[in-house]
Amino acid sequence: MEDTNSSSEKGFLLLGFSDQPWLERLLFVIILHFYILNLLGNAAIILVSCLDPRLHTPMYFFLSNLSCVDICFTTSVAPQLLVTMNRRDKTVSYAGCMAQLYVAMGLGSSECILLAVMAYDRYAAVCRPLHYTAIMHPKLCASLASTAWLSGLVTSLIQCSLTLQLPLCGHRKLDHIFCEVPVLITLACVDTTFNEAELFVASVIFLIVPVSLILVSYGFITQAVLRIKSATGRRKAFGTCSSHLVVVVVFYGTIIFMYLQPARSGSKNQGKFVSLFYTIVTPLLNPIIYTLRNKDVKGALRTMVTGRRWGQDGYGHSCNLR
């Protein structure tokens, strides 16, 4: 008990890449630039989606929620990571580590559900265009978005609270880049079979089920696209689909690798790079893939910057699947 209290008082040592100073300096610059671009890109999406009436549609409503999740998710990890990388003392307070644990877990889970919701929205837009407005009515959109946020909150409270009950027996060294459930489980000096089983079940619910629904949705979308007579239309639709699937594969693939393997297995450095992908890289890919390539968003941004009326420069039409 004294050792556990000692960990609570002293906090944790986040080792990160401290054994490779040259890599740490390089990653500091990369992460800083990625974080700034992430803030700017996702903030721009939220801003234009709120201010431009033409973007007040279910698609951009969900994209705004995704951008908000991405900003908060990256912010829960990147600033602390940059601070610890830039100093010799890698200590993080116990309270700070626990706050990061809850927030990152909740937001990551919410994003998993939100991406599945967005896939359903695209399915309805492409496969049921005549009934799209009736299907994706405002109340349903608000309910789906709320479900994504609340489900992340609930799973974070359950999973993180169970993890915090494990006695750490004075171990303070976290050989990782931030406080994360699989890493904290490895510090426990008791049998963690139940915690690992519970983490596995939660991972199946929040990872395997959503990605399965996304793949099914894209299966129906692909069938609809193949029925398009125009070769140009098919190429454009497949280009959009493939871009979206890149984000899905990178995000879900890296998290599945981290959460669906035994807690004490795998290369430590490999796990650190995997975590960097879904906390730093993927949130930056989302605005690029989902909207900044979209002519509707480009038109709205140009309107905000130049004050020109949308449509005068040829951006008044959509290149989305819808």
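Contact here means heavy atoms within 4.5 Å. The structure on display is a predicted model.

**First stop: T163.** Please select T163, a residue of helix α7. T163 counts as buried because its relative accessible area is 3%, below the 20% cut-off. Leaving aside residues up to four places away in sequence, T163 touches V181, L184, I185 and N195.

**Second stop: the helix pair.** Next, select residues 138–164, which form helix α7, together with residues 193–226, which form helix α9. Their axes come within 10 Å and cross at roughly 165°. The two helices are therefore roughly antiparallel, since an angle over 145 degrees is counted in that way. The crossing of α7 past α9 is left-handed.

To display the contact itself, show the side chains of S151, T155, I158, Q159, L162 and T163 on α7. On α9, show those of F194, N195, E198, L199, A202 and F206. Sorted by class, this contact comprises six nonpolar residues, five polar residues and one charged residue.

Which residues touch the most other members of the largest nonpolar core? They are L174 and Y252, in a core of 79 residues. Now select residues 94–127, helix α5, which gives the most to this core, with 17 residues.

**Last stop: Y252.** Centre the view on Y252 and display the residues that Y252 touches, again not counting those up to four places away in sequence. They are E111, C112, L115, A116, F206, L207, P210, V211 and I214. Among them, F206 also takes part in the contact of α9 with α7.

Key:
Residues are numbered from 1 along each chain as its sequence is written. This is a predicted model: local features need pLDDT of at least 70, side-chain atom pairs count only at pLDDT 80 or more; totals for chains, interfaces and linings use all residues. Side-chain values use heavy atoms; hydrogens and water are left out. Axes are lines fitted to C-alpha atoms, for helices over the stretch in contact, and angles run from 0 to 180 degrees between N-to-C directions. Helices (H or I, at least four residues) and strands (E, at least two) are DSSP runs, numbered from the N terminus. Angles under 35 degrees count as roughly parallel, over 145 as roughly antiparallel, 65 to 115 as roughly perpendicular and the rest as oblique. A crossing is left-handed if the near helix is turned anticlockwise from the far one by less than a right angle, and right-handed if clockwise. Ala, Val, Leu, Ile, Met, Phe, Trp, Tyr, Cys and Pro count as nonpolar, Asp, Glu, Lys and Arg as charged, and the others, Gly among them, as polar. A nonpolar core is a set of buried Ala, Val, Leu, Ile, Met, Phe, Trp, Tyr and Cys residues joined through side-chain atoms within 4.5 Å. Buried means under 20% relative accessible area, exposed over 50%, partly exposed in between (1.4 Å probe, protein chains only).
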